[in-house]
Structure formats: C-alpha cells, structure tokens
Amino acid sequence: MLVGLLTAWVALGVAQLVAGLSRPQGSPVAAVGSVAIDNTPPAVKNFAIATFGSHDKLALVIGILVLLAVFSAVIGVLAMHRLSYGFAGLGVFALVGILAELDQPKAAAVDVLPTLIGAAVGAYALYQLVRTAGGLPERAGYQAPAVPATARGRGGTSAPVFDVPADPALAHPAPADTAPPDNARAGTAPADTPPADTAPADTAPADTAPADTPPADTPPADTAPADTPTGRSAGTDPAPAGPPLAGVPADQSPADLAASGTRPAPDFPGRPPQPRRPPAGPPGNWQPGRRGFLTASAIALAAGGIGAFAGRALLERSNVSAARASVRFPRPAHPAPPLPPGTDLDIKGLSPFITPNGSFYRVDTALILPQVAPQTWHLRIHGMVEREINISFDQLLKRPLIEDWITLCCVSNPVAGPYIGNAKWLGTSLASLLRTARPRAGADQLLCTSTDGFTSGTPIATVLDGRDAMLAVAMNGTALPVAHGFPVRMVVPGLYGYVSATKWVTDIKVTTYAAEPAYWAQRGWSQRGPIKTESRIDVPSGPVTAGKTPVAGVAWAQHKGIDAVHVRVDRGPWEQARLATVPGIDTWRQWVWDWDATHGTHVIEARATDATGYTQTAVQEPPEPNGASGYPSITVSVS
C-alpha cells in the first residue's frame, strides 16, 4: 500500500512542477476537479454549497485526493504481486488525467504534458519501490554461477568448496550410465577432443599440472571431473578428500555442507563454520531489505515534495497581486450617492450594510484562480453587432466611470442563506459600450465568457433598461480582489450572478438564447435569472433571556426595492418591522422588530414586500432552476 501512495505522491509532485512550467490548467487534479464541477447534478451542487459553503472547492479537491489515495494503495498492492498490474493502474490514472485536461474549454496540447511526464516518472518510482521492497520475481532462466569443486586452501592444503546451484538439475550427479556433458569419462576421451596422451597447443600436457590447478596432492584427474559438483565420477566411489575439515563433523558429507550453506574452515581448528555468502543474483532478484526500501521511500517522498512546492512557486510567478496593488483609478464621472443616516442599524450579529471584500461570498467554477495582468487584458464585443469592439484595460479606464451600491446574490443561495453581499462598485457602463457596438435586431443575449471558459447569458434588454450594469474594475474603493474577478468583471443589478456577474470577463458575444445557451442553462437552470424578493433573519442566533429582544435581518429585491418586512412568532399575527434607510433600490435593506420574548421555545418567521407590491411567498422551493423561495425561520429558546 505504501508503495502505491509514494508512487502517486511522486507522480502528482512532478505533474505539479510541469504544470508550473507550462500552464496551471494542466494540473491533473485541477482538471479532474473541473470536470467534476461541470458534470455535478444541481442537487449535489446545492448539497456541497450548503454543507461546505465557500470551501466547497477545497472539499472537492480533498475528495479527489482521498479517492486517488485509495486507488494508489490498490495499485501498490497489485504491483507487489505483479509489476505489470501496477503499470496498468498507473496508465488508467494517466488516461483519466489526460481526458480531463482535454475536456477543458480552452484546452491545448501542452496541457497533457504534466500528466504524461508525471505518469512516466511515477512508473519509474513504482519500479524502484517494488524492487527495493522485494516484489520483483527472479529473472526467468537465471542460474547461480558455477563454483569449482575444489579450491586451494591456506597453507597449501586443498578443501572442497560447495555451493547450491540455482538449477535443480545441477544439484545431483549424472546417472551412472550418462556421461558428463563437457568432459570424458575417466580414462576415455570424447571423439571430438584430442587423445588423452596428446595435448593441444594451448593446453598443458596431461601429466603436468597447469599453474592454476591444484598441487600434486590433490586427487588424480581421473578421479573427479572438474564439472561434477560433488567430486564424484559417474559410476565410481568418491575419492578421498584429504584430512577431516576443522570444525565440521567427520560424518558430514559435502552435499550436507552445500545444503546448509556452510563454508569449511580447514586451517583454523576450533573455528566455527562460517556461513557462505549467496552468489550474486540478477537485479530483478535483489533483496536489499528494510534499509534499501526506506532509502527509496525517502527519495520518493523528497522528490514528490520538491516537485509540489517548486510547482507552486512557479505558479506564483504569475501572481498579479503586485499589478493589482499598482492600479490607480480616475475619479468616477458618476459617483455613488453618499450613505444616508440610518443605513446601518448597528445591531450586534446583524449583517453590516457594506460587506467587506474579505467576507464577500464566492461561488464560481474556478478551482485555480485566473491570474490576468491588466496589461494583457482585452475585451472583445462581437457577434450580432454592426461594429465589433476590442478594448484594453487602459482604454476601459479612459471611458467615463460610474459608481454605485449594488447587492449581488447567488442563485444557489438557499432560503436565508449566506451567498449574498453588498458593495460599492466602480466601472464603465456596459450599456454605453453595447450601444457603441449597435446590436442587430433579433439579438436578445450577451454570451459573456471568462478567461477560464465559463459562460453566462445576460438579457440585453435588462442591460439597456437604465440600471447601472457595468464592467466593474473596483470594489469598495480598491481594485477587484483576484477571487472576485480582477481585473474586470460584470455587475448587473437585479439578476442572479450566474447570468450577470461573469468574473475575469474577456469576451462578449451578442447572440440569442436559442442559438447559444450558456454554462448553467446547459445544465437545466433558467436562462434569465431575475432575483426573487427575499429576506433573512440574522438575530437572535442563539438562546435569549425573557424580555425585550431585537429580531433583525436583511431583505432584498434588487432594482425594485424593499417597502416592508413583517415578522411573526409561532404562526401568530404578522408584525411590521422597522426598516433602515438605503441609498437606492439596488441594495439590500436592514430591518428590526422588537420582540417581547417569553419563556419557552418559539419559531420566528419573516417575509418581505417589494416596491411593486409583491410579497415574499411561503412556498418552499429549492434553488434550482431559478432561485429558492419560502419564509425564513429560526427556533429560539427563551429562558
């Protein structure tokens, strides 16, 4: 199991490094995560958002890594049984990554390199880890090297040296009626060799001993052929082997010595028999033990870590934080109205009128935040227009800028959910830019595309009806945070974000809903997405004591405005709440009702009425396909 986990660690670390050198979109984990986001059913998406909130993407990545760890552990177990199984599992891992990378909206051939190279290095790591763990089988046909039957001992004595051949056929002498394969029987010579009384020019005469043969006190040549491991000649009795061996029982045969792996010690009486080293085997038969595996594991762990951290450092080279900090904006031609007194009721636990940038909700499909430098940003407006427009960031800032207070809300927000926020936005008028392009008759949609390929479909009529639809460049007095669309995003009051608030926008195509459905419309969500009139109870958020207790919250109906909020306890009569002031109709509105709390457990509900006279419905509906509905309610314990 550890073998598989280390293999995955190395492969992912190398893949991260290569992604840092090429394109962040090539990261296999990010690519698989993006595919998961694109194919998640709405019910599952809502569950993830409701359960994990803005950390839903982190939860997705952790889930992917957990599944990968399980898969890798299985690969490791299989590889220890048969290495080819491990390679096959690694191939499946690589195939999934490649398919996910090629499925991205703006995929390029270079995006598959991180997975390919990571898988290749992972395969090498798998081989080495299995090898050091002792999981490779012995090489087919390998035989241990032959060892001479006798060897010169110390002091001129000779002693047999016995070894156990790998081939079982060599562990036993040839039958009596079978001649040894390479040498003649005693006193005879094979037909294809010189006669016994003659010697070839390059060999020693039969009656002399070559320099590398045993001295004269060894058994005669016709007693034991050199290639018979037991010192026996076929059909003959064993020749004397000299004096008994020191430290070895007299009745122990050479075969017994060979089987036990014991080396005789003829020259040192009283010395215990010494274990004989096994013959060197092939690399595939190497068994280095625990130390070798721990060394290989440490190398794999370090290699994966270095790759992961180096890849992250390379990705940070494209970080646009410095560019964001250096942006300076001209004064708006149409500044936001000042906040009137009483905009914020200053009640503890109540959402402030202005949502800080760091607390503003984030719901999008980007696992890796796009890093777009202002100097490289361009917007193209094309399609069903009389005049195509291409505009840079500097040119955008030279146009008249507008500023306004606008509340944004996500369509995934459940009843009384947290995915809503209010901010002061600065940007150029989208309606003004669109009129410059002159849309053709019949066009009803702006298909807006992010730099990461996400699309939203915004109704042209809504953009042109006089509201402050804008290409925003700043939020609450500072450049847009990267997580909220730096350098440019769309903001359209009165529409859910999935049809109006494209972050990192780089392309706007004037088209029709029938011709080109946007990202979420393809997945069953409403194409137009007007925000519903809703409210939320923020306080009390826990047990309270009997007596006067403020019940407070926020209500919203962007581009219509909130006229009233009512509250009831335990399904009693509706009581009208007091409203805070607001600078316009495109923001949420705080409200409060003073409750004379009594002992017991109570259920409190609220409802809002907008400026058109529409009152929030009690019908409970899920977010899909066009936003949640129903009364918000809380249960309060009073002591």
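Reply: The buried residues of helix 8 (residues 290-315) are G292, F293, A296, S297, A300, G304, G305, G307, G311 and L314. Buried here means under 20% relative accessible area, while exposed means over 50% and partly exposed is in between, with a 1.4 Å probe and protein chains only. Helices are DSSP runs of H or I with at least four residues, strands are runs of E with at least two, and both are numbered from the N terminus. Among the things covering those buried residues are helix 1 (2-21) and helix 6 (113-132), where contact means heavy atoms within 4.5 Å. As for length, the 26 residues of helix 8 should span 38 Å at 1.5 Å a residue, and its end C-alpha atoms are 37 Å apart, which agrees. That expected span is 1.5 Å times one less than the number of residues.

Before going on, keep in mind that this is a predicted model: local features need pLDDT of at least 70 and side-chain atom pairs count only at pLDDT 80 or more, while totals for chains, interfaces and linings use all residues. Residues are numbered from 1 along each chain as its sequence is written, and side-chain values use heavy atoms, leaving out hydrogens and water.

Now for the surface. L58, I62, V66, V70, V74, L78 and Y85 make up a nonpolar patch there, with about 620 Å² of accessible area together. Patches take residues with over 30% relative accessible area and no salt bridge, joining like charges within 9 Å and nonpolar side chains (Val, Leu, Ile, Met, Phe, Trp, Tyr) within 5 Å; the areas come from the Shrake-Rupley method with a 1.4 Å probe, and for residues only the protein chains shown count as cover. Helix 4 (residues 56-81) gives the largest share, 6 residues. Y85, in contrast, sits in helix 5 (residues 83-102), and Y85 counts as partly exposed because its relative accessible area is 43%.

Next, the cores. A nonpolar core is a set of buried Ala, Val, Leu, Ile, Met, Phe, Trp, Tyr and Cys residues joined through side-chain atoms within 4.5 Å. The largest one has 79 residues, and L379, W425, L446, L471 and I508 have the most contacts inside it. A second, separate core of 20 residues includes V565, A606, I634 and V636.

Finally, the charged pairs. The whole structure has 14 salt bridges, each a side-chain nitrogen of Lys or Arg within 4 Å of a carboxyl oxygen of Asp or Glu. K509 pairs with E516, with the closest N and O atoms 2.9 Å apart. K509 is partly exposed because its relative accessibility is 26%, and E516 is partly exposed too, at 23%. D610 and K560 meet in another salt bridge, 3.8 Å from N to O. This pair links distant parts of the chain, 50 residues apart: D610 is in strand 21 (residues 600-610), and K560 is in the loop between strand 16 (547-556) and strand 17 (562-569). D610 counts as buried because its relative accessibility is 1%, whereas K560 is partly exposed at 29%.
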